[in-house]
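Here are a few notes to read with the model open. Have a look at it first, then go through the points.

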Amino acid sequence: MIRINVHEAKTHLSAYLARLEAGEKIVLCRRNKPIAEICPLPAGARKPRQLGVGGRTATLCPSFFEPLPKHLLDLFEGRRE
């Protein structure tokens, strides 16, 4: 585990990201006082997630793409009728 100050982290971010990818942990400090610990993600977390549930597909009806009625737009934008 390495300790670095915020300025050092900003200056050499790419190098520290490479060390994180290699499995190292970093303690981030402000004025030499620890404020956060940065750890690499587990290897399994980098797999793309499967979309959908159970291999089924979804279809959207054409009306989905039509503009919303004025009273619904007013509600979304915080205006009252």
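1. First, the ground rules. This is a predicted model, where local features need pLDDT of at least 70, side-chain atom pairs count only at pLDDT 80 or more, and totals for chains, interfaces and linings use all residues. Residues are numbered from 1 along each chain as its sequence is written, and side-chain values use heavy atoms, with hydrogens and water left out.

2. Start with the sheet: 3 strands make an open, mixed sheet in the order β1-β2-β3. Strands (E, at least two residues) and helices (H or I, at least four) are DSSP runs, numbered from the N terminus, and two strands pair if DSSP finds at least two bridges between them. β1 (2-5) and β3 (33-38) are the edge strands, each with a single partner, so one side of each has no neighbour in the sheet. From one strand to the next, the twist averages 30°.

3. Now β2 (residues 26-30): this strand pairs with β3 in the antiparallel sense, over 5 bridges. In that pairing, I26 sits opposite I38 in β3.

4. What packs on the sheet? Helix α2 (residues 13-21) does, touching β1, β2 and β3 (contact means heavy atoms within 4.5 Å). The direction of α2 makes about 155° with that of β1; axes are lines fitted to C-alpha atoms, for helices over the stretch in contact, and angles run from 0 to 180 degrees between N-to-C directions.

5. Last, the aromatics. Searching the whole structure turns up 1 aromatic pair. The ring centres of F64 and F65 are 5.2 Å apart with planes at 85°, so the pair is edge-to-face. Rings of Phe, Tyr and Trp (its six-membered ring) pair if their centres lie within 6.5 Å; planes under 30 degrees apart count as stacked, over 60 as edge-to-face and the rest as tilted.
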